[in-house]
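Subject: Structure for your review

Dear colleague,

Please find below the structure that I promised to hand over, followed by my notes on what was found in it.

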Amino acid sequence: MARNQSTPEQQSVRVLKVGERVRHILSELLARGEAHDDVLTAHSVSVTEVRMTPDLRNAIAYVKPLLGIDETDVLKALRTNTAFFQREVAKRLGLKFAPKLQFRPDESFDEADRIEKLLSDPRVTRDLDDA
């Protein structure tokens, strides 16, 4: 009997799909306030991206509290409740192995602001107007 061999493209699609499912699960848990943590229930937290390792055993969740308020407190609360989130993700995913979660701040918004400031610099707009 031939084994089902998957190509790297299919594996990466699977990794992306699982990462997106984990993101949805974490977002749902945070939106419903199921973590029973005062800091997390007091803040609206967005899970902007979840990156999975190719073996699906580790996941890095990038999070951002609304308006970036109390980001360090929110990250500390998420890290404190990591076991709860891992247990819930494992229950809802139904994979052979539950991914180990890490929470990190999403810095893409800060990077976007930096680029926006560079583009609005008078020297840059002058060069763009000349073109």
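L67 sits in the loop that runs between β2 (58–65) and α3 (71–80), where helices (H or I, at least four residues) and strands (E, at least two) are DSSP runs numbered from the N terminus. This is a predicted model, in which local features need pLDDT of at least 70 and side-chain atom pairs count only at pLDDT 80 or more, while totals for chains, interfaces and linings use all residues. Residues are numbered from 1 along each chain as its sequence is written, and side-chain values use heavy atoms, with hydrogens and water left out.

With a relative accessible area of 75%, L67 is exposed; here buried means under 20% relative accessible area, exposed means over 50%, and partly exposed lies in between (1.4 Å probe, protein chains only). Together with L66 and I69, L67 makes a nonpolar surface patch of about 350 Å². Patches are made of residues with over 30% relative accessible area and no salt bridge, with like charges joined within 9 Å and nonpolar side chains (Val, Leu, Ile, Met, Phe, Trp, Tyr) joined within 5 Å. The accessible areas come from the Shrake-Rupley method with a 1.4 Å probe, and for residues only the protein chains shown count as cover.

As to the chain in general, its secondary structure comes to six helices and three strands, which follow the pattern α-α-β-β-α-α-β-α-α when read along the sequence. Of the 131 residues in the chain, 30% are buried.

Next, the salt bridges. A search of the whole structure finds nine of them, a salt bridge being a side-chain nitrogen of Lys or Arg within 4 Å of a carboxyl oxygen of Asp or Glu. One of these joins the side chains of R23 and E20, at 2.7 Å from N to O; the two residues are three apart in helix α1 and are therefore separated by about one helical turn. E20 is partly exposed, at 37% relative accessibility. Another salt bridge links E49 with R51, whose closest N and O atoms are 3.0 Å apart, and here E49 is partly exposed with a relative accessible area of 33%, as is R51 with 45%.

A further salt bridge brings together the side chains of E71 and K64, at 3.6 Å from N to O. E71 counts as partly exposed at 21% relative accessibility, whereas K64 counts as buried at 12%.

K64 lies in strand β2, and its C-alpha is 8.7 Å from that of S44, although 20 residues separate K64 and S44 in sequence. S27 belongs to helix α1 and is partly exposed, with a relative accessible area of 23%.

Two backbone angles deserve a mention. Most residues other than glycine have a negative phi. H36, however, has a positive phi near 55°; H36 is placed in the loop between α1 and α2 and is exposed, with a relative accessible area of 72%. L56 likewise has a positive phi, of about 65°, although it is not a glycine. L56 is found in the loop between β1 (45–52) and β2, and at 7% relative accessibility L56 counts as buried.

On a 1 Å grid over the protein atoms alone, a cavity is a set of points where a 1.4 Å probe fits but cannot get out, and lining residues have an atom within 4 Å of a point. Grid points are joined across faces, edges and corners, and a volume is the space filled by probe spheres set on the points. By this rule there is one cavity of 30 Å³ or more, and the largest cavity has a volume of about 30 Å³. The largest cavity is lined by L29, L30, G33, E34, A35, D37, L40 and T41, and the elements that give two or more residues to this lining are α1 (8–31) and α2 (38–42). By class, the lining has four nonpolar, two polar and two charged residues, where Ala, Val, Leu, Ile, Met, Phe, Trp, Tyr, Cys and Pro count as nonpolar, Asp, Glu, Lys and Arg as charged, and the others, Gly among them, as polar.

With kind regards

Technical notes: On a 1 Å grid over the protein atoms alone, a cavity is a set of points where a 1.4 Å probe fits but cannot get out, and a pocket is an open set with protein on both sides within 12 Å along at least five of seven lines; lining residues have an atom within 4 Å of a point.
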